[in-house]
Amino acid sequence: MPLVMQKHEMPEQDANVRRNNFDEVALGYTEELALAEANRCLHCKVPHCRKGCPVDIDIPAFIAKIKEGDFEGANAKIKEASSLPAICGRVCPQENQCEKYCVMGIKGEPVGIGRLERFVADYCMQNCEEKIEKTVKDDAQKVAIIGSGPAGLACAGDLAKKGYQVTIFEALHTAGGVLSYGIPEFRLPKDKVVKPEIDNLRKMGVKIEVNSVVGKLFTVDELMQEFNFDAVFIATGAGLPHFMNIPGENLNGVYSSNEFLTRCNLMKAYRFPEYATPINVGKKVAVVGGGNVAMDSARTALRLGAEKVYIVYRRSEKELPARREEVEHAKQEGIEFKLLNNPVAILGDEKGYVKAIRCIKMELGEPDASGRRRPVEIPNSEFDIDVDTVVIAIGQGPNPLIQSTTPDMQTNKRGNIIADEETGKTTKEGVFAGGDIVTGAATVILAMGAGKKAAKAIDEYLIEKRNK
Amino acid sequence: MFKILNKKVLHENILQFTLEAPLIARKAEPGQFVVLRVNEYGERVPLTIADFNREKGTIDIIFMVIGASTTVLASLNEGDSILDLVGPLGKKTDIRPDMGTVVCIGGGIGVAPIYPIARKMKQVGNHVITIMGAKNKDILILKDEMEKISDEVIVTTDDGSYGIKGFVTTALQQLIDKGIDIAEVVAIGPVIMMKTVADTTRPYNIKTIVSLNPIMVDGTGMCGGCRVQVGDETKFACVDGPEFDGHLVDFVNLMERQRMYRPKEEIEKDHICRLAKKVEEMEEK
Ligand SMILES: Cc1cc2nc3c(=O)[nH]c(=O)nc-3n(C[C@H](O)[C@H](O)[C@H](O)COP(=O)(O)OP(=O)(O)OC[C@H]3O[C@@H](n4cnc5c(N)ncnc54)[C@H](O)[C@@H]3O)c2cc1C
Ligand SMILES: Cc1cc2nc3c(=O)[nH]c(=O)nc-3n(C[C@H](O)[C@H](O)[C@H](O)COP(=O)(O)OP(=O)(O)OC[C@H]3O[C@@H](n4cnc5c(N)ncnc54)[C@H](O)[C@@H]3O)c2cc1C
Ligand code: SF4
Ligand code: SF4
Ligand code: FES
Ligand SMILES: [Mg+2]
């Protein structure tokens, strides 16, 4: 059989249609496409793809199962290493991870590992009777997990499998972390993909207490001493929005990406007034930033009815930190990239609403510490773009709530919790941490991996505690 | 789900609910608030914890019916439940013994949040003068309760139908003119009232704390929607406040931000009223 050098395209909604709806953009492989794509895998003796996967999924093995038509078996293989394949298959930056190392990528395109992973997970969600039984034992030791993003969910799943009594405390009214409030519906459907994963945990016996802000309702110490939790895993993410500290940032119409996406995803402002939470978009929107969060904000603004949406980014196209695919999708949908521009002020009208964003042109200078060429301002090159809305998507930091109420747990100077990379152990006995709260804003799969590592370490810690 | 144990009508559009929320009651302190969501379609609505009872495991909220969400909330009755309730949020009021004379000012619905603050101020040993302001005597709430816990209560009404005719600042200026040594003023009410209070005390350098109510979403420091300008810093009212030094707050920006969704809020209110009508019609049939 001749080698097919190109990845099989995944069907997707037409750009002109999808820019007007919140339905999923990428539609997923059919069985035929999945088989054809699986057939591109060479089953390398030394599968380099695996070293790009942070949780070390046995990629050739699950692809072999697909070739046999055993999709359920493929799913089981993936689940040995990953708890959230339907999610990671959709949102992993595969081009920098597994697919980056695939040998097929040397002469042609790498195997579509993420697409295959997604296919398998979706297939099983629809067609396989995955019987989930209660595994939690009522007399087992108790673990509190703070935060219900991918790190918390993965840790909860692994500990529940081992029988521990697991309770997740979540500040918001819906579980899922960024999967629920941040990543938009059109990239990660909530009812179809996120909710079933969370329901599965409930079926295993995991308790999920929403509306519970740790640090306010109870402290970590109270959880351990008064509520008798034997161990705590902190997975509170990177939820603190950064602003630019430029004039005009408090004008009406300036949003952090967190607020913009939360209003839309979590509060369903796109279905206003059926859902009561409003959002202001107007005709023209500028999104500041170049990562996934910026792409999501821009594409959300478009779907909320904006006629013109700009991405304002201070470096060039090459440095855009967003996934390639997301940038392409954004372009297809008509989003305009204002590259090598940096906002210096937001201008308002007499009533306090945004009317324009003032930018200065940039050029790339010498490489900085991160190895990327540092953007430098071109003097006297300021210009204004008329907009009604500005979304600031330049990154998030750690929310200090738990750290400030847990004085004997150490943080670094950025406010992230200091934890061992392999075990999640913090400087406080019995307390573990992982995901974005430790690493700073990263990826779903890394957060999930941290949750799994911590689960293993917590198990070891609790065994030792039992035997004392 | 959080059950409504008691519903009291304080005035035609001001209601008091007692909610079953033992964990929140266990931790609540004066100055803090909750965020609630009535049902799946609801907004997240911040409301001050107007009272709490740790033994009974309850908290009270007092709210004015002004828009869609408060209308839906008001339609609930004893025995009904609220879907989501999260708290206690925000920092507690800084209350220390031996502060001396503290003037607690509540304007309109702001009397509700000032009540637990005044009570604790008194409990720890301060001399508490309460100034309560209302448009007219009919909408004066919590007067008896305030009298029980304050050393002195002064009432002002805009139309003079009760107490001093004028605003809370009229009474405050009188206290200052009398030469009373005021250690601190805590003022909660409409933004314009808090602004005039701060303007009144500024020349005398009297420490003035105000409680800000910008539009909030999560209430945990995650969205930044509640940001307010205090001196040369931007603060998130839900986690850094809601109380701030009144002499430093940019009240004009706050008022502008509070108006951000006015047109949308009208649409939402219309939508809710039409829904209510539909339900009524269906019930008649
Ligand atoms: C818009 C957006 C798009 C993204 N796109 C991608 C993508 O395409 N691919 C990818 O791999 N990654 C993406 N990321 C990054 C990825 O989502 C995160 O790295 C990942 O979610 C981190 O997981 P976590 O479990 O550490 O934290 P989170 O997902 O942030 O979850 C933390 C949870 O803890 C809760 N919490 C916080 N404080 C408390 C407290 N005191 N008490 C109780 N609960 C608390 C929060 O409410 C939240 O639910 C994106 C992020 C954003 C914001
Ligand atoms: C910390 C804090 C404590 C509060 N305590 C009380 C209280 O004890 N009693 C009381 O009656 N009110 C209180 N409020 C105000 C209350 O939250 C609003 O009146 C309520 O949200 C209005 O909702 P609505 O849908 O009925 O009206 P809308 O018609 O939607 O809004 C009316 C006005 O209320 C304000 N508002 C709307 N949504 C919000 C929101 N999400 N957050 C804050 N303000 C909003 C806006 O200025 C708006 O113009 C408090 C607000 C804050 C921030
Ligand atoms: S989890 Fe992510 S990195 Fe690992 S194989 Fe799947 S798509 Fe690739
Ligand atoms: S490197 Fe590529 S071809 Fe080789 S096993 Fe992995 S996916 Fe298959
Ligand atoms: S309400 Fe979101 S940060 Fe304050
Ligand atoms: Mg409203």
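In what order do the 7 strands of the open sheet in chain B lie? The order is 12-11-10-9-13-14-17, with mixed pairing. Strands pair if DSSP finds at least two bridges between them. Strands (E, at least two residues) and helices (H or I, at least four) are DSSP runs, numbered from the N terminus.

This is a predicted model: local features need pLDDT of at least 70, side-chain atom pairs count only at pLDDT 80 or more, and totals for chains, interfaces and linings use all residues. Residues are numbered from 1 along each chain as its sequence is written, chains are lettered from A and ligands numbered from 1 in the order in which they are written, and side-chain values use heavy atoms, with hydrogens and water left out.

Stay with the chain B sheet. Strand 12 (164-165) and strand 17 (243-245) of chain B are its edges; each has a single partner strand, so one side of each lacks a neighbour in the sheet. Strand 17 of chain B runs antiparallel to strand 14 (residues 208-211) of chain B, joined by 3 bridges. There, I209(B) has D245(B) as its bridge partner. Helix 3 (residues 111-123) of chain B packs on this sheet. Helix 3 of chain B touches strand 9 (101-107), strand 10 (127-134), strand 13 (182-188) and strand 17 of chain B, where contact means heavy atoms within 4.5 Å. Its direction makes about 165 degrees with that of strand 9 of chain B. Angles run from 0 to 180 degrees between N-to-C directions, and axes are lines fitted to C-alpha atoms, for helices over the stretch in contact.

Now chain A. Its open sheet has 5 strands in the order 3-2-1-4-16, with parallel pairing. Strand 3 (207-209) and strand 16 (431-433) of chain A stand at the edges. Strand 1 (residues 142-146) and strand 4 (residues 231-234) of chain A share 4 bridges. V143(A) is partnered by A231(A). Helix 18 (residues 444-467) of chain A lies across strand 1, strand 4 and strand 16 of chain A, at about 170 degrees to strand 4 of chain A.

Two helices of chain A also pack together. Helix 9 (residues 150-161) and helix 11 (residues 190-204) of chain A meet at about 30 degrees, with axes 10 Å apart. They are therefore roughly parallel, a term for angles under 35 degrees. Among the residues making the contact are L153(A) of helix 9 and I198(A) of helix 11 of chain A.

Last, ligand 4. Its surroundings include C41(A), C44(A), C49(A) and C102(A), each with a heavy atom within 4 Å of the ligand.

Definitions and conventions: Angles under 35 degrees count as roughly parallel, over 145 as roughly antiparallel, 65 to 115 as roughly perpendicular and the rest as oblique.
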